Amino acid sequence: MASHSLTSFLQQNLEGLKQQGLYNTIQPLESPNGPLITITGREFVNLSSNNYLGLANDDRLKEAAIRATKLYGTGSGAVRSINGTLQIHVELEERLAQFKGAEAVITYQSGFNCNMAAISAVMGAGDAILSDELNHASIIDGCRLTKSKVIRFNHSDMEDLRNKAKAARESGQYDKIMVITDGVFSMDGDIAKLPEIVTIAEEYDLITYVDDAHGSGVLGDGAGTVKHFSLSDKIDFQIGTLSKAIGVVGGYVAGSHDLIEWLKVRSRPFLFSTALPPGNVAACIEAINILQNSTELQTKLWDNTRYFQEGLKTLGFSIGRTETPITPCIIGDETATQRFSERLYEEGVYAKSIVFPTVPKGTGRVRNMPTAIHTPEMLDRALTAYETIGRELGLI
């Protein structure tokens with residue numbers, strides 16, 4: 001018999017989310033997650049995927065995954081530290097290190113796992129972490145595991161970061177101090193001020209940590225935000241994902257040989273979770289091959305990004321401070337934002353609303369993600385829907 005207290009807790013809180021308009025209904029796709037998707041038999045222009053380069057649907061990755069699955073099987077069979085490390089795990093890590101311009105790389109089961117693993121393996125009681133206030137939830141959770149003093153600084157505010165770094169260092173309370181930032185911020189699409197962060201870090205001996213989930217495959221010829229600023233030799237931790245632009249699943253940490261060796265013996269997701277399946281690993285290697293041999297997909301991504309963003313601005317919408325393909329259409333009011341997303345769905349465009357508490361009150365937006373495999377015709381369909389609904393709701 002179910003616990004009465006648990007049942008009461010769940011029912012009350014689920015109902016509360018529904019009344020606040022914060023309950024998320026998951027809609028399974030009946031098609032691949034491409035530029036067009038099918039839900040309940042209807043076709044939609046898809047502007048909600050992180051599949052930036054379209055590689056999740058690429059035949060070359062599919063074939064690589066099939067070959068590796070036939071050779072190695074469907075699973076790795078163990079954690080990496082026992083006998084779950086296959087030769088292709090080593091190959092992927094060597095290829096990623098070369099791609100990122102780092103000495104070494106360690107892979108994990110997800111980007112979220114990277115932040116849970118890497119932060120807590122190095123930072124602990126007696127240390128301090130300076131964290132951008134808009135950092136991803138996985139960074140926040142990773143920091144919570146450390147028992148370090150977490151000091152939030154105002155978003156991309158370098159004066160605030162400098163003041164807090166100075167105070168932390170001069171207090172004499174902390175053995176190690178780390179500064180953590182997203183490379184690209186997922187709600188606004190702006191890029192971290194890495195050159196300024198590095199300058200402050202060098203002045204106050206801060207460990208530098210960049211989560212580049214939305215920069216990987218997108219910036220720096222695909223190698224990410226750190227390469228975009230030519231700072232590969234200045235950043236201690238580079239966190240990347242294999243689940244977005246790379247098109248598969250997983251994550252990795254790039255850094256020095258000593259750092260990667262330490263993570264192999266002290267990071268818990270590496271030690272206590274089964275290794276990535278061989279088919280996924282092989283698909284990741286093929287994706288890296290593609291990115292190292294051609295910039296065609298990045299060029300298409302940025303062409304489509306500029307086309308779509310200019311279209312929204314011409315219609316009179318605000319896209320905020322984005323510098324990347326992440327394209328928020330800022331509506332403001334939460335109810336209006338949710339209604340806008342609902343109307344887009346009715347018009348055959350799949351783009352989700354983002355409202356408080358994910359973003360501050362009054363800054364509700366519909367977040368759009370143009371990709372390399374959208375056609376101008378698909379983007380025009382979306383822009384037509386934006387114009388129709390914007391006029392209907394009195395927003396433009």
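**Close-up views of a predicted model**

**View 1. An open sheet of 3 strands.** The 3 strands form an open sheet in the order S1-S2-S11, with mixed pairing. Strand S1 (36-39) and strand S11 (349-350) are the edge strands, each of which pairs on one side only. The model shown here and in the other views is predicted.

**View 2. The hairpin of S1 and S2.** S1 and S2 pair in the antiparallel sense, and 4 bridges join them. The hairpin has 2 residues between its strands. Thr 40 in this hairpin takes a positive phi, near 45°.

**View 3. The pairing of S2 with S11.** Strand S2 (residues 42-46) runs parallel to S11, and 2 bridges join the two strands. Val 45 has Val 349 in S11 as its bridge partner. Asn 46 stands opposite Tyr 350, which also belongs to S11.

View 4. Helix H1 (residues 4-19) has 16 residues, so at 1.5 Å a residue it should span 22 Å. The C-alpha atoms at its ends are 22 Å apart, which agrees with that expectation. Gly 21 follows H1 and has a positive phi, near 75°.

**View 5. The packing of H4 and H12.** Two packed helices are described by the angle between their axes and the distance between the axes. Helix H4 (residues 87-100) and helix H12 (residues 278-293) pack at an angle of about 25°, and their axes are 9 Å apart. Angles under 35 degrees count as roughly parallel, and therefore H4 is roughly parallel to H12. The crossing of H4 past H12 is left-handed.

**View 6. The residues between H4 and H12.** On the H4 side, the contact is made by Ile 88, His 89, Glu 91, Leu 92, Arg 95, Leu 96, Gln 98 and Phe 99. H12 contributes Pro 278, Val 281, Ala 282, Cys 284, Ile 285, Ile 288, Asn 289, Leu 291 and Gln 292. The residues of this contact of H4 with H12 divide into 11 nonpolar, 4 polar and 2 charged. An α-helix has 3.6 residues a turn, so residues three or four places apart point the same way.

Definitions and conventions. Residues are numbered from 1 along each chain as its sequence is written. This is a predicted model: local features need pLDDT of at least 70, side-chain atom pairs count only at pLDDT 80 or more; totals for chains, interfaces and linings use all residues. Side-chain values use heavy atoms; hydrogens and water are left out. Two strands pair if DSSP finds at least two bridges between them. The expected span of a helix is 1.5 Å times one less than its number of residues. Axes are lines fitted to C-alpha atoms, for helices over the stretch in contact, and angles run from 0 to 180 degrees between N-to-C directions. Angles under 35 degrees count as roughly parallel, over 145 as roughly antiparallel, 65 to 115 as roughly perpendicular and the rest as oblique. A crossing is left-handed if the near helix is turned anticlockwise from the far one by less than a right angle, and right-handed if clockwise. Contact means heavy atoms within 4.5 Å. Ala, Val, Leu, Ile, Met, Phe, Trp, Tyr, Cys and Pro count as nonpolar, Asp, Glu, Lys and Arg as charged, and the others, Gly among them, as polar.
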